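Hi,

Here is the structure I promised to pass on. Have a look at it first, and then read my notes below.

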Amino acid sequence: DNIPALAPKTSLTMLPCSESQRPLSRVQQVLVSRDYQEIVSLAFLAEQTERDLCGNENPLTLQNPIASNLAVMRSSLIGGLVDALRFNLNRKQTRVRLFEIGACFAKSGDDYLQTSRLSGLAYGTQQTEQWGITARTVDFYDVKADVEALCATLALRFVAAQHPALHPGRSAQIFVGERAIGWLGELHPHWQQQSDLPLAPVWFELDLEVLLTSRVPRLSEIAKFL
């Protein structure tokens, strides 16, 4: 009874917010506005999936995996997206747009490397069914437009390249300047058939660090004589 009832008191200060840093919520909102839905998948997957879809012959294995099909750490987000796509197709969904933001893991000499990436996958028709538009299947250039909208402040280059998971003639590596930041392409017909997919989904993956960096506009004096 003799303990005084004192209200808590503390000093609060605003945290610095750099204009050169892009909020993660803004990145997510760009994809949501383009009909994508976010998923969260496990960072573990089957060793064969890692070898097939990522071409990783030396995956980061777990000493005590919780299941035989979750024995290695993922080096890409594509495995979780393909599994989520199959889950939706098995439940009669014909048009699927998914994206995920998560950590990927790889060996770097005697050490381990962890990176954050954003990956997305589009399947089915390009737009929802409606009478005013002829239905067509989503293609490479539809998803390329989504990637360009996501990286509106960056000068992207798309260079034809081959990826173990992608169609050899419908895939590209994404560059900013001379730095490779990701991949874009249609799933390889072999993996499409193995996953029992009626249509080929289009997949992309980007380095999240690049997406969260924004160029700040700089003012300069207007020339007096033009």
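Before anything else, a word on names: helices (H or I, at least four residues) and strands (E, at least two) are DSSP runs, numbered from the N terminus. This is a predicted model, so to speak: local features need pLDDT of at least 70, side-chain atom pairs count only at pLDDT 80 or more, and totals for chains, interfaces and linings use all residues. Residues are numbered from 1 along each chain as its sequence is written, and side-chain values use heavy atoms, with hydrogens and water left out.

**Pockets**

I'd start with the open spaces. On a 1 Å grid over the protein atoms alone, a pocket is an open set of points with protein on both sides within 12 Å along at least five of seven lines, and a lining residue has an atom within 4 Å of a point. Grid points are joined across faces, edges and corners, and a volume is the space filled by probe spheres set on the points.

The largest pocket holds about 470 Å³ of space. Its lining has 21 residues, and L45, T49, G79, D83 and R86 are the closest to the centre. Which helix gives the most to this lining? That is α3, with six residues. At least two residues each come from β2 (44-45), α2 (47-54), α3 (78-89) and α5 (189-194). Sorted by class, the lining has nine nonpolar, eight polar and four charged residues. Here Ala, Val, Leu, Ile, Met, Phe, Trp, Tyr, Cys and Pro count as nonpolar, Asp, Glu, Lys and Arg as charged, and the others, Gly among them, as polar.

The second largest pocket comes to about 300 Å³. Of its 17 lining residues, S75, R117, G182, W183 and E205 lie nearest the centre. Strand β8 has the largest share of this lining, five residues.

**A cavity**

A cavity is a set of points where a 1.4 Å probe fits but cannot get out. Searching the whole structure turns up one cavity of 30 Å³ or more. The largest cavity has about 70 Å³ of space, and its lining includes T125, Q130 and R136. Two nonpolar, six polar and two charged residues make up that lining.

**Helix α1**

In α1 (residues 24-32), V27, V30 and L31 are buried (under 20% relative accessible area; exposed is over 50% and partly exposed in between, with a 1.4 Å probe and protein chains only). They cover an arc of only 95° around the axis, which puts them on the same side of α1; the arc is that of the directions from the helix axis to the C-beta atoms. The partners that these buried residues pack against include β4 (96-108), β5 (111-123) and α4 (140-150), where contact means heavy atoms within 4.5 Å.

**Aromatic pairs**

Rings of Phe, Tyr and Trp (its six-membered ring) pair if their centres lie within 6.5 Å; planes under 30 degrees apart count as stacked, over 60 as edge-to-face and the rest as tilted. The structure holds two such pairs. Y36 and F204 are edge-to-face, 6.3 Å centre to centre with 80° between the planes. Y36 sits in the loop between α1 and β1 (37-38) and F204 in strand β9, so the pair ties together parts that are 168 residues apart in sequence. Both Y36 and F204 are buried. The rings of F140 and Y141 have centres 5.3 Å apart and planes at 80°, so this pair is edge-to-face too. Buried or exposed, F140 and Y141? F140 is buried, at 16% relative accessible area, whereas Y141 is exposed, at 61%.

Cheers
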